[in-house]
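I have a new structure open and want to get my bearings. These are my notes on what I looked up, in the order I got to it.

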Amino acid sequence: MTLTKTLDLGTTENEPSSSQSAQTVSKPIDFSQLPQLDEKQVGALRHIENLANLPENDWSGMMGRAAMQEDHGAYRYQLAFMSMALALAHRHRLPAAPGVFKDTFDKLIKKILHPEVWLYWRQSSQGKGPMSIDAPKLPMETDPVGRDNIMYSAYVQVMTLMYHALFDDDKYSKKGAISFEFKPTLSVTDEIATFKYDERSLNEHLYWKMVETGYLGVACEPYCIFQVCNQVPILGFRLHDWLYGTDTAEEVTAGFVEAWNGFGGALGTDGHYHTLVYTHEKIIRESNGAPWADSWCGMLMNAWNSEFVRGNYPKQRDDWLVAGPAGTRSLKLPPPIEGYDMPEGSAGDFGWTACFASEMGDEETLQGMLAHADKYMNPTWREGGYFYPRNDSARDDFGNLTIVDPTTGNALLAYARLNIKDGLKKLYEQPWDDDHFDQPLITKVSDNTNLLRAIFLKETGTLVLTVDQRAAMAGDAELEITNFDQGDRSWRMCVDGEKVAYGDPEKIECYGPVSVTRDSDTMVIHCPNRGAPTLTIEWG
């Protein structure tokens, strides 16, 4: 059944006047206590959306300094942490608006499965790199998740499971839904291959790779088990546990702690995280106190080992943080990684540190770093998106840190800006309440509209939305809401406190500039989005 009606502002025979409704019926809501995106947070989301919308194999604005995807500016890290930024923003800032995130998230998954992202592995799988040059050479491997390469496979695992958990969509659980296709045009045809997985088979595959090493972890490049990279599959195991009722994460984390204790523990004597274990020599590489190593590891480990991480964070931060003018914060940069052609600061130290501060809820450090980025790192608005373009120069003429790798500029500073204290930890512990997907949800938002606020208040049965017009795009907002019935109860809609519509399963009455179309359990609202009006829909 479809109900549509738009009336002039006035009084119906069943409802009080608009002014009476606002004063006597609507329950007071303190909007200041509800999350609302600011301009730069909206810009960060729009930039991620813009990159996700690029045509297949178009990596404009994402290309890093190193060839063959071998540094921290690689596509896999950009795509993974853009998706995690979306996840955190959805979970903590716009929980009632999957329509803002789902399509973009899915496009990022499709991009990380593209051969351009993972073909580096055919060469890297043989080993003999700077950290394993004295180890035996291994056969070339095309399957990017078959052996080692946790620096890629774990992000595919997490992104697909996170998609399922956040959007209640099991498309990547279907057999062969995660597919890696190697189809060269100009080389021998007998090398053409397709490797098929799904979210469950990939998760199980990585679990057994963990078990094979006694839970020490899975290698990135051969013979090199990095502590930071093995934080990622732990998040994946937890999401799988939540979706399928298993208990893998608890098993793996207990084993991980014990295994690393066998090499002296997670930290070196200097209080910084150990970098990696060389499995061919069975020795650990001591930390060099690099900000990226501490921050990348700590921000992820906080999800499952928070007390430990928080206990060590202040010293780690103070060892590399530098106070600047007007409250800005910068970093002491470590020397380049031995054996790698990476200039000062190109490892993403600034971006990882900002993310770590956001997870710790260290607002002084976070806001100081964002202020530094906004002052010295060429912040740019483009097509509604806000980001920091790649810059290979470490410092300006006055010594201010200016280097921006693509992962920092496209993903990490967006992540830090959109995260909240313990944001990843809260996502790890409870992706959603059990009844979340039965609540009213915004499943579609018109392209001309930025959604600044979207939250359902269970205690009052009220959906709160704040909309704003996207720059240079005219027209009213169009919002699609699913799960609208809420037990066939009557409902009332207000805009900035003034009643504009009400109804029940049999009728709809609208006033003034708002129109409503209802089809079964779905409602479509057309309303002005200029001046950031706040809509409330109250049931019962």
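I started with Phe256, which is buried at a relative accessible area of 2%. For my own reference, buried means under 20% relative accessible area, exposed over 50% and partly exposed in between, with a 1.4 Å probe and protein chains only. Before going on, I noted that this is a predicted model, where local features need pLDDT of at least 70 and side-chain atom pairs count only at pLDDT 80 or more, while totals for chains, interfaces and linings use all residues. Residues are numbered from 1 along each chain as its sequence is written, and side-chain values use heavy atoms, with hydrogens and water left out.

**Aromatic pairs**

I looked up the ring partner of Phe256 next. Phe256 and Trp304 make an edge-to-face aromatic pair, 6.0 Å centre to centre with 90° between the planes. The rule I used: rings of Phe, Tyr and Trp (its six-membered ring) pair if their centres lie within 6.5 Å, and planes under 30 degrees apart are stacked, over 60 edge-to-face, the rest tilted. Phe256 is in helix 10 (residues 248-261) and Trp304 in the loop between helix 11 (291-301) and helix 12 (306-320), so the pair ties together parts 48 residues apart in sequence. Helices (H or I, at least four residues) and strands (E, at least two) are DSSP runs, numbered from the N terminus. Trp304 is buried too, with a relative accessible area of 17%.

How many aromatic pairs does the rule give? I got 27. I picked out Phe81 and Trp352, whose ring centres are 5.0 Å apart with planes at 80°, so this pair is edge-to-face. Phe81 belongs to helix 3 (residues 75-92) and Trp352 to helix 13, so the pair ties together parts 271 residues apart in sequence. Phe81 is buried at 0% relative accessible area, and Trp352 counts as buried at 0% as well. I also found both in one aromatic cluster, together with Tyr77, Tyr155, Trp292, Trp296 and Tyr415.

**Helix 13**

Helix 13 (residues 349-360) has twelve residues and reaches 17 Å from first C-alpha to last, close to the 16 Å expected at 1.5 Å a residue; the expected span is 1.5 Å times one less than the number of residues. Is this helix largely enclosed or open? Twelve of its twelve residues are buried, so helix 13 is largely enclosed by the rest of the structure. Just after helix 13, Gly361 takes a positive phi of about 70°.

I then traced an open sheet of three strands, in the order 4-5-6 and with antiparallel pairing. Strand 4 (224-226) and strand 6 (283-285) are at the edges with a single partner strand each, so one side of each has no neighbour in the sheet. Strand 5 (residues 276-278) pairs with strand 6 over three bridges, where two strands pair if DSSP finds at least two bridges between them. Val277 has Ile284 of strand 6 as its bridge partner.

**Cysteines**

I counted zero disulfides, a disulfide being a pair of cysteine sulfur atoms within 2.5 Å. Cys229 is in none, and the nearest cysteine sulfur, that of Cys220, is 3.2 Å away. Cys229 counts as buried at 5% relative accessibility.
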